[in-house]
Amino acid sequence: MLEIEHLEVRYGHERAVADLSLAAHAGELITLVGPTGCGKTTTLQAVAGLTRPTSGTIRIGGRTVNGERFVPPERRQTGLVFQSFALFPHLTVAENVGFRLDPAEPVEPWLAWLEVAEQRDAYPEALSGGQKQRVALARALAHRPELILLDEPLSNLDASLKDSLRWEIRNILKEAGVPAIWVTHDQAEALSIGDRLGVMRDGVLEQIAEPDACFHEPATRFVAEFLGEASFLPARARGGHLETPLGRARSRHQEGEGEVLVRPDDLALVEDGTANGTVAWTRFEGGTRLFRVHLDCGPSVQLRTNHTLHHAPGERVRVAIDAGHALTLFPGSVGAPGMPEHPVAAAS
């Protein structure tokens with residue numbers, strides 16, 4: 001188990017991490033995501049002991065490693081997996097996995113588990129990127145750590161390999177039952193593999209929750225905009241429903257006014273009714289097509305449809321809300337452009 005309480009890291013006058021608190025329980029995988037320089041890697045380094053915090057407490061497996069005293073990295077019972085693999089080029093796969101292990105501790109079970117047994121006598125230069133990352137993970141797990149820390153573990157791999165390997169690593173961590181913190185810049189990766197997702201900005205943990213909650217119920221507008229495509233419409237909540245220029249939808253808020261978050265899948269192009277927008281651009285995505293539409297009422301929105309639907313830039317279309325879930329309202333000023341004064345017809 002990992003516990004972080006009020007962690008702060010400063011480099012001179014620059015604050016890298018501010019008052020960060022979180023806990024990772026047995027077998028839990030937490031992903032940390034945020035823009036470059038947000039403090040996610042610094043947080044990982046502070047937990048690993050590679051960076052000394054300015055203040056705060058860190059506990060690993062119930063033992064305090066930062067706070068009243070500083071415990072060096074090699075005594076923290078943590079396994080580290082880096083984006084650069086950090087394998088010793090002059091050692092074979094078996095020797096890398098067994099580095100600093102008790103000589104009586106066999107490495108074969110770890111090689112078999114991570115599916116690199118056939119490469120046991122090979123050197124790192126002969127391995128593929130995926131094999132190198134498996135060896136790095138085997139080495140980390142072989143020391144039976146209390147916690148696994150992964151810093152952008154897939155960033156050096158081809159896109160075609162990333163998707164399958166992220167799930168392999170997740171499954172291995174789950175089988176091992178070791179809590180893990182996985183730092184990534186890839187929002188899709190963070191959303192898909194984490195039991196909980198932490199979103200950071202300027203050293204601050206803006207939200208930590210289940211990925212679905214962060215995506216559909218963002219705590220701040222930054223979280224809303226950072227995780228996937230986000231559009232905003234003027235809206236008014238009344239009695240658990242929202243009135244917007246594009247129709248009525250369920251609301252997470254009983255009362256209030258401001259702007260409602262809509263994702264591309266919350267909107268639809270409909271045939272019936274008068275056009276209310278103009279297509280700005282369209283992008284073919286394979287199985288789907290993404291549109292950006294300038295609405296007559298002022299704002300622009302992005303929506304995703306089946307790839308078979310075609311509308312050229314400049315074409316007039318009708319957009320409606322088609323959300324199968326309650327939407328999140330961000331409080332704001334009254335009287336936003338296009339805001340209906342009275343409830344409009346339900347669109348979903």
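The largest pocket has a volume of about 650 Å³. A pocket here is an open set of points on a 1 Å grid over the protein atoms alone, with protein on both sides within 12 Å along at least five of seven lines. A volume is the space filled by probe spheres set on the points, which are joined across faces, edges and corners. The model is predicted: local features need pLDDT of at least 70, side-chain atom pairs count only at pLDDT 80 or more, and totals for chains, interfaces and linings use all residues. Residues are numbered from 1 along each chain as its sequence is written, and side-chain values use heavy atoms, with hydrogens and water left out.

**The largest pocket**

- The lining of the largest pocket has 19 residues; a lining residue has an atom within 4 Å of a point.
- Glu74, Thr78, Leu80, Arg100 and His143 lie nearest the centre of this pocket.
- Strand S6 (78-82) and H4 each supply at least two lining residues. Helices (H or I, at least four residues) and strands (E, at least two) are DSSP runs, numbered from the N terminus.
- S6 gives the largest share of the lining, 4 residues.
- By class, the lining has 10 nonpolar, 4 polar and 5 charged residues. Ala, Val, Leu, Ile, Met, Phe, Trp, Tyr, Cys and Pro count as nonpolar, Asp, Glu, Lys and Arg as charged, and the others, Gly among them, as polar.

**Cavities**

- Rolling a probe the size of a water molecule over the atoms shows where empty space is left.
- The count comes to 5 cavities of 30 Å³ or more. In a cavity, a 1.4 Å probe fits but cannot get out.
- The largest cavity has a volume of about 50 Å³.
- Which residues line the largest cavity? They are Glu152, Pro153, Leu154, Ser155, Lys162, Thr184, His185, Asp186 and Glu189.
- This lining has 2 nonpolar, 3 polar and 4 charged residues.

**The whole chain**

- The chain has 8 helices and 21 strands.
- Its C-alpha atoms fill a box of roughly 75 × 45 × 35 Å, taken along the principal axes.
- Of the 348 residues, 49% are buried. Buried means under 20% relative accessible area, exposed over 50%, and partly exposed in between (1.4 Å probe, protein chains only).
- The chain exposes about 15900 Å², and carbon and sulfur atoms supply 49% of it. Accessible areas come from the Shrake-Rupley method with a 1.4 Å probe.
- Among contacts between residues at least 6 apart in sequence, 65% join residues at least 24 apart. Contact means heavy atoms within 4.5 Å.

**Nonpolar cores**

- In soluble globular proteins, nonpolar side chains tend to be buried together.
- The largest nonpolar core has 33 residues. Such a core is a set of buried Ala, Val, Leu, Ile, Met, Phe, Trp, Tyr and Cys residues joined through side-chain atoms within 4.5 Å.
- Val97, Leu137, Ile148, Leu150, Ile169 and Leu173 have the most contacts inside this core.
- Helices H2 (93-97), H3 (108-113), H4 (129-142) and H5 (159-176) each give it two or more residues, and so do strands S7 (147-151) and S8 (180-183).
- H4 gives the most, with 7 residues.
- Apart from this core lies another, of 26 residues, among them Ala16, Ile58, Ile181 and Val183.
- Leaving aside neighbours within four places in sequence, Leu150 is in contact with Leu44, Val81, Ile169, Leu173, Ala180, Ile181, Trp182 and Val183.

**Helix H1**

- Helix H1 (residues 40-48) is mostly covered, with 7 of its 9 residues buried.
- The buried ones are Lys40, Thr42, Thr43, Leu44, Ala46, Val47 and Ala48.
- Just after H1, Gly49 takes a positive phi of about 90°.

**Buried or exposed?**

- Leu329 is found in strand S21 (residues 329-331). Leu329 counts as buried because its relative accessible area is 5%.
- Not counting residues up to four places away in sequence, Leu329 touches Ala235, Ala237, Leu242, His253, Gly256, Glu257, Gly258, Glu259 and Val260.
- Glu14 is found in strand S2 (residues 14-24). Glu14 counts as exposed because its relative accessible area is 53%.

**Positive phi in two loops**

- Most residues other than glycine have a negative phi.
- Ala86 has a positive phi, near 55°. Ala86 lies in the loop between S6 and H2 and is partly exposed, at 34% relative accessible area.
- Glu152 has a positive phi of about 45°. Glu152 sits in the loop between S7 and H5 and counts as buried, at 12% relative accessibility.
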